[in-house]
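Student: I would like to go through the terms used for this structure and see what each one rests on.

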Amino acid sequence: MALSISRRLIRSFGPSGQWRHLGSALVSNGPLHCPHELLGLVSQESFSTADFSRSVRDGAFFFGCRRLSTSILTPNGEADFPSDLLSQKKVIVPDREIGLYQDLVIPVTNFLGEDKGLMVLAGDVFDVPIRKDIVHRVVRWQLAKRQQGTHSTKTISEVSGTGRKPWRQKGTGRARHGSMRGPQFRGGATMHGPKPRSHAFRLNKKVRRLGLKIALSARAGEGKLLVFDDMEIPTHKTKNIVNYVEQMENTKKVLLVDGGPINEKLKLATQNLHYANVLPSIGLNVYSILLHDTLVMSRDAVNRIVDRMHTPINR
């Protein structure tokens with residue numbers, strides 16, 4: 001999960017001369033100076049030193065370690081970690097405001113829990129303001145579009161029955177009728193009933209794209225967005241996914257998103273699990289994200305989604 005460094009936490013370590021700014025303590029004169037535990041998490045291929053220092057100054061850098069070493073946060077390793085800031089919780093929710101369009105840095109792992117470095121998430125895709133009205137419109141559009149619309153009722157010309165006049169027009173004392181197939185008779189027609197049609201309606205592409213950004217930002221803000229280096233699993237056994245989901249906290253349903261075609265081993269391992277589903281990046285949608293409380297994406301999937309969100313809309 002992610003952890004943001006607050007100003008209150010920095011001030012607790014000593015005078016302002018030692019901790020004027022977290023960025024000046026970690027970055028100085030160009031090269032990157034950081035503790036050994038943190039240096040192992042940073043992959044050179046993820047982002048440069050300038051981007052790292054900028055993300056630290058903006059307050060958007062998050063540490064992915066669940067067990068945070070005290071040597072990272074103490075000035076010279078001399079002072080002890082404040083006891084009032086220690087917590088017994090394993091999952092730490094980032095203390096930040098969502099919707100500031102800030103680039104996020106999250107750890108990259110895999111199914112084995114190995115450290116694969118860090119990755120920068122574009123702020124204009126994974127940190128946009130949450131708007132429930134946009135999500136509601138997109139979900140209604142998705143559900144209406146996938147509705148079959150095969151319901152049908154029979155009109156007076158389609159219902160089975162004779163066309164003879166049931167009785168003469170006058171003299172019987174009864175109401176006049178010309179057919180027994182009318183809607184007022186049992187077994188007759190249905191007036192103004194449903195006919196096969198399409199329930200789909202148009203929704204602007206910018207609204208659909210904004211809905212996907214909001215759904216991704218909501219999962220990232222909740223700490224329920226995980227990034228894997230790849231979706232490779234050792235075998236096609238279902239126990240691989242079961243064991244991994246059991247280790248996750250507060251997780252009921254997981255959505256696995258890969259960049260290209262789904263791996264055959266991953267497809268076989270998840271096909272018998274009702275709480276684990278797999279999608280390619282081209283099929284990622286708002287409704288599927290809302291149905292699952294945890295979203296797991298590969299590096300390739302993240303890059304493809306960002307490229308798709310940055311592609312100009314063809315009008």
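Tutor: Helix α12 (residues 299-310) lies across β1, β2, β3, β4 and β6, and runs at about 90° to β6. The model is predicted, so local features need pLDDT of at least 70 and side-chain atom pairs 80 or more, while totals for chains, interfaces and linings use all residues. Residues are numbered from 1 along each chain as its sequence is written, and side-chain values use heavy atoms, without hydrogens and water.

Student: What makes β2 and β5 edge strands?

Tutor: The open sheet has 6 strands in the order β2-β1-β3-β6-β4-β5, with mixed pairing. Strands pair if DSSP finds at least two bridges between them. β2 (118-121) and β5 (276-280) each have a single partner strand, so one side of each lacks a neighbour in the sheet.

Student: How do you know that β4 and β5 pair?

Tutor: Strand β4 (residues 254-258) and β5 share 5 bridges in the parallel sense; in one of them, Leu256 is partnered by Val278 of β5.

Student: Why does the span of α8 agree with its number of residues?

Tutor: The expected span is 1.5 Å times one less than the number of residues. For the 18 residues of α8 (residues 205-222) that gives 26 Å, and the end C-alpha atoms are 26 Å apart, so the two agree.

Student: What does Phe126 touch?

Tutor: Contact means heavy atoms within 4.5 Å. Leaving out residues up to four places away in sequence, Phe126 touches Leu104, Leu121, Leu216, Ser217, Ala220, Leu225, Val302 and Val306.

Technical notes. Helix = DSSP H or I, 4+ residues; strand = E, 2+ residues; numbered from the N terminus. Axes fitted to C-alpha atoms, helices over the stretch in contact; angles between N-to-C directions.
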